[in-house]
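Here are a few notes to go with the structure you asked me to look over. Keep the viewer open while you read.

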Amino acid sequence: MIQTFIRRAMPVLAMTLLLTEAAQAQTQQRRAGRPKIVVGMMVDQMRWDFLYRYAERYGDGGFKRLLREGFRCEQTYINYAPTVTACGHTSVYTGSVPAVHGIMDNDWFSREKGRGVYCTEDSSVMPVGISATKGGMSPRNMLTTTVTDELRMATNYESKVVGVALKDRGSILPAGHAANAAFWYDGGSGNWITSTYYMQELPGWAKQYNAARRPQALLAKGWETLYPISTYHLSEADDKNYENTFKHEQAPVFPHSFTGMESGSIRSTPFGNTLTFEFAKAAIEGYGLGSGKATDFLAVSFSSPDAVGHQFGPNSIETEDVYLRLDKDLADFFGYLDGRFGKGNWLYFITADHGVSHSPGYLEEHRLPTGTLDGKGVIASLNTDLEKIYGVKNAIMATAADQLYLDRPAFAAKNADMKAVSDFIIRRLREVPEIADAVWLPEIGTAGLHEPLQTMLQNGYNRKRGGDIVIIMNSGVKNGSRKGATHGLWYPYDAHIPLVWMGWGINSGGRSFRTMGMTDIAPTVAALLNIQVPSGNIGHVIGEAIRADKP
């Protein structure tokens with residue numbers, strides 16, 4: 001009789017125990033005064049729709065867990081143009097725009113130096129981790145603080161901040177000025193490196209990771225599709241004439257082989273993501289992130305989707321395979337964070353620096369609006385005419401961020417009216433079929449363009465670093481070849497980005513369709529951590545994402 005009672009009561013007791021444990025875990029999460037670590041994850045060139053496009057093929061622990069447990073901000077847009085990598089990484093972490101933080105493109109023309117400037121170049125520092133004595137990088141060109149800087153200051157520098165990305169700019173700019181470290185990948189050596197801005201020598205754990213020669217191991221068997229290639233129904237055929245090939249291959253088709261070329265090629269494969277996840281975990285353990293009294297921050301960016309997208313386009317089997325494999329890597333990473341810090345003790349967000357257009361070849365094939373612009377030819381023709389009319393050779397000195405830089409001193413020496421010069425150039429540009437409009441930047445505030453274009457161009461124009469005239473291309477137009485894909489324009493395919501929050505302090509399972517800006521991410525992180533917003537912040541807190549009982 002007693003045995004029968006016990007046998008019947010056991011399921012009830014087990015359920016009661018599980019509910020009690022769940023309630024205790026929830027209470028502990030509510031009482032946690034801070035997350036142990038914040039992980040800010042950016043996926044370079046991730047379109048918003050990639051959260052859902054391959055959803056039927058995602059596993060339960062990666063993107064599906066993120067959508068299930070996270071808070072989704074479905075209408076998050078970049079609120080400036082151009083939509084490129086350096087601007088995107090900077091704007092997410094500064095809560096600001098190029099007009100304020102100064103990172104107006106990956107490169108821009110410096111009138112003072114008379115040459116192009118790379119966004120993170122710094123001649124006062126040297127690389128660490130390779131034998132080169134030039135090519136040092138730092139965040140010094142960024143004019144405002146980041147939320148990671150603010151975290152360091154708020155805790156009197158007890159919080160540790162580390163940046164990790166294959167691209168130097170994807171690591172350096174998010175990590176900020178006061179970071180403990182930023183690491184990026186050198187394709188020539190196959191090493192993760194840094195610069196003397198942060199340290200004089202690589203940490204022992206980083207040297208140990210480099211010594212393992214992981215790029216060679218990850219690409220030893222080449223790149224085959226994760227699943228049978230016949231099941232990739234959400235992509236175009238494998239061999240398309242608008243895809244670019246690897247330099248050592250004859251056609252852009254699977255399987256891809258890299259024997260002897262792994263170090264430089266891994267960027268353009270899904271295994272570059274795996275490499276980044278591995279090094280990020282090594283950095284967490286090497287620096288003991290999340291183990292101190294203050295909240296630490298890992299700013300990690302995944303550059304391989306961008307390299308693959310540029311080469312093959314967003315509708316390629318290669319791109320689909322990248323996201324199916326990223327989903328598995330993400331599930332493993334979430335499991336790692338749970339195991340190391342405890343579920344509910346870490347705060348995470350995922351977003352992107354920009355999206356991507358379809359390849360012109362793909363758009364042509366499906367009778368969608370597109371075109372290619374011979375930008376170099378347009379500039380050459382304009383320079384020929386300007387020399388004839390004004391006697392100024394190479395009057396358009398440079399271009400960056402779709403902005404034209406005019407030789408102002410040369411025109412001044414000819415007593416030329418710059419407004420008349422710009423009017424002539426704009427009239428000519430408007431005659432080009434692929435160009436929708438052109439605007440004189442000193443008058444951008446009164447240009448009378450539609451929204452959001454008007455505000456996006458104003459936010460993207462830095463008066464000290466910017467040019468004189470901005471070109472606005474038609475939807476679907478690519479500057480250059482019809483092959484591959486690119487980004488940089490104001491259109492939603494480039495500007496609509498994913499944003500999902502998960503973990504500590506977040507309203508689990510929530511969703512918002514309110515239009516938000518990329519610049520809203522940093523102030524939301526600051527609100528969650530109870531710290532000051534970055535110095536150039538223009539964004540707003542996404543209050544609906546934050547739990548009401550957050551400490």
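Is Glu278 buried, partly exposed or exposed?

1. Glu278 comes out as partly exposed, with a relative accessible area of 22%. Keep in mind that this is a predicted model.

2. Now look at who Glu278 pairs up with: its side chain meets that of Arg214 in a salt bridge, at 2.6 Å from N to O. Glu278 sits in helix H11 (residues 271–287) and Arg214 in helix H9 (residues 214–218), so this pair ties together parts that are 64 residues apart in sequence. Arg214 is partly exposed too, at a relative accessible area of 25%.

3. Arg547 is buried, with a relative accessible area of 16%, whereas Asp549 counts as partly exposed at 32%.

4. Glu236 and Lys240 form a salt bridge as well, and their closest N and O atoms are 3.9 Å apart. Lys240 is buried, with a relative accessible area of 16%.

5. Next, some helix packing. Helix H4 (residues 85–94) packs against helix H7 (residues 168–175) at an angle of about 25°, and their axes are 8 Å apart. That angle makes H4 roughly parallel to H7. The crossing is right-handed.

6. Where they touch, Thr85, Ala86, His89, Thr90 and Tyr93 of H4 meet Arg169, Gly170, Leu173 and Pro174 of H7. Sorted by class, this contact has 4 nonpolar, 4 polar and 1 charged residues.

Technical notes. Residues are numbered from 1 along each chain as its sequence is written. This is a predicted model: local features need pLDDT of at least 70, side-chain atom pairs count only at pLDDT 80 or more; totals for chains, interfaces and linings use all residues. Side-chain values use heavy atoms; hydrogens and water are left out. Axes are lines fitted to C-alpha atoms, for helices over the stretch in contact, and angles run from 0 to 180 degrees between N-to-C directions. Helices (H or I, at least four residues) and strands (E, at least two) are DSSP runs, numbered from the N terminus. Angles under 35 degrees count as roughly parallel, over 145 as roughly antiparallel, 65 to 115 as roughly perpendicular and the rest as oblique. A crossing is left-handed if the near helix is turned anticlockwise from the far one by less than a right angle, and right-handed if clockwise. Contact means heavy atoms within 4.5 Å. Ala, Val, Leu, Ile, Met, Phe, Trp, Tyr, Cys and Pro count as nonpolar, Asp, Glu, Lys and Arg as charged, and the others, Gly among them, as polar. A salt bridge is a side-chain nitrogen of Lys or Arg within 4 Å of a carboxyl oxygen of Asp or Glu. Buried means under 20% relative accessible area, exposed over 50%, partly exposed in between (1.4 Å probe, protein chains only).
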